[in-house]
Amino acid sequence: MVIMAASTSSLTFQPILERIAEEIERTPGRGRPADYIPALAACDPRRFGMAVAELDGTVYGVGDWREPFSTQSITKVFTLALDLAREGDALWEHVGREPSGNPFNSLVQLEYENGIPRNPFINAGALVVTDRLQTRTGDAAGELLSFLRAESGNPALDFDQDVAASESTHGDRNAALAHFMASYGNIDNPVPVLLDQYFRQCSIKASCADLALATTFLARHGVRSDDTRLLTRSQAKQVNAVMLTCGTYDAAGDFAYRVGLPGKSGVGGGVIAVVPGRCTLCVWSPGLDERGNSVAGVAALDRFTTLTGLSVF
């Protein structure tokens with residue numbers, strides 16, 4: 001079967017997804033699960049699911065696309081949007097918008113940049129955003145969960161207490177980041193409270209279908225599934241831009257080169273991506289490369305943009 005790139009009005013996503021799944025199944029070398037989080041270490045790296053959500057809520061999927069998995073850093077996109085909607089540009093006084101060029105849990109830049117993280121998607125930056133959302137809502141993780149349930153249409157979404165506990169037990173690096181930023185006055189809440197919120201946030205389990213639907217507001221230029229506006233059009237552009245430049249840790253340049261879409265990965269093996277004005281995607285496969293991105297997930301998104309011609313470039 002040969003599928004040629006088509007006009008955006010005539011694309012049929014299901015056969016494209018099926019072709020991608022067939023190609024991924026034949027691909028050797030899927031990477032390794034995140035073994036530094038014991039609750040994730042046992043995941044089968046050959047699991048694979050992929051979903052595409054159109055702006056009207058129609059969802060196409062293949063493989064394990066309805067299987068819940070640990071969202072991890074994917075949730076940073078939604079927390080960023082929820083806080084940006086509340087405080088606007090004031091947020092950017094506390095976190096930057098530049099790629100870090102370092103691992104996602106690195107401490108090295110914070111000291112010579114006065115406790116201001118490079119971007120919202122490295123761990124330090126996500127801690128700042130969660131802290132600010134906590135100040136504004138009193139329950140950042142709960143606010144996030146409510147948003148994801150509403151946008152996905154799945155009220156069963158929930159925290160995975162075992163994953164949250166596992167991350168808390170092995171969370172010394174995140175605690176160090178939070179305490180260090182607190183010493184510069186860039187954290188408002190008590191660090192134990194912040195860490196509890198952050199670990200719960202990252203532990204949420206959701207499927208490719210759930211996350212593709214939940215991300216649709218970014219393809220709709222800030223408009224939620226109920227047609228209310230969360231972000232201004234400019235703010236939605238900002239979130240998409242930071243996803244493109246910073247969403248896949250220190251592999252963002254390679255991701256932009258291969259995929260050409262705003263995207264955000266998580267060490268649970270998920271990756272979301274946005275085609276503004278057209279659709280959103282989520283792919284899951286637990287095997288990671290050395291930079292913490294899903295090997296099969298990035299490959300699948302690469303094939304999707306190649307086969308469809310859908311890209312921001």
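Begin by selecting Ser73, which is buried, with a relative accessible area of 6%. The model on your screen is a predicted one, and in it Ser73 sits in the loop that runs between strand 3 (69-70) and helix 3 (75-87). If you set aside the neighbours within four places in sequence and display what remains in contact with Ser73, you will find Tyr249, Lys264, Ser265 and Gly266.

Next, colour the positions that an unreviewed UniProt entry annotates as "binding site", namely Ser73, Asn123, Glu167, Asn174, Tyr198, Tyr249 and Val267. Ser73 and Tyr249, which are in contact with each other, both carry this annotation in the record. Val267, which the record also lists, lies in the loop between strand 5 and strand 6 (270-275), and at a relative accessibility of 5% Val267 counts as buried.

From there, move to Gly263, which belongs to strand 5 (residues 263-265) and is buried, with a relative accessible area of 0%. Leaving out neighbours within four places in sequence, the residues in contact with Gly263 are Met243, Leu244, Gly247, Phe255, Ile272 and Ala273. A distance drawn from the C-alpha of Gly263 to the C-alpha of Leu244 comes to 5.8 Å, although 19 residues separate the two in sequence.

Two loop residues with positive phi make the next stops. Asn114, in the loop between helix 4 (108-112) and helix 5 (123-137), has a phi of about 55° although it is not a glycine, and this residue is exposed, with a relative accessible area of 51%. His221, placed in the loop between helix 11 (216-219) and helix 12 (233-246), likewise has a positive phi, near 60°, without being a glycine, but His221 is partly exposed, with a relative accessible area of 24%.

Finish by showing helix 1 (residues 13-25) together with helix 14 (residues 295-308), which pack at an angle of about 135° with their axes 10 Å apart. Helix 1 is therefore oblique to helix 14, and the crossing of the two is right-handed. To see the side chains that meet, select Phe13, Ile16, Arg19, Ile20, Glu23 and Ile24 in helix 1, and then Ala296, Ala299, Ala300, Arg303, Phe304, Leu307 and Thr308 in helix 14. Coloured by class, this contact of helix 1 with helix 14 has nine nonpolar, one polar and three charged residues.

How values were computed: Residues are numbered from 1 along each chain as its sequence is written. This is a predicted model: local features need pLDDT of at least 70, side-chain atom pairs count only at pLDDT 80 or more; totals for chains, interfaces and linings use all residues. Side-chain values use heavy atoms; hydrogens and water are left out. Axes are lines fitted to C-alpha atoms, for helices over the stretch in contact, and angles run from 0 to 180 degrees between N-to-C directions. Helices (H or I, at least four residues) and strands (E, at least two) are DSSP runs, numbered from the N terminus. Angles under 35 degrees count as roughly parallel, over 145 as roughly antiparallel, 65 to 115 as roughly perpendicular and the rest as oblique. A crossing is left-handed if the near helix is turned anticlockwise from the far one by less than a right angle, and right-handed if clockwise. Contact means heavy atoms within 4.5 Å. Ala, Val, Leu, Ile, Met, Phe, Trp, Tyr, Cys and Pro count as nonpolar, Asp, Glu, Lys and Arg as charged, and the others, Gly among them, as polar. Buried means under 20% relative accessible area, exposed over 50%, partly exposed in between (1.4 Å probe, protein chains only). UniProt positions are given in the numbering used here, feature names are shortened, and annotations may be inferred rather than shown by experiment.
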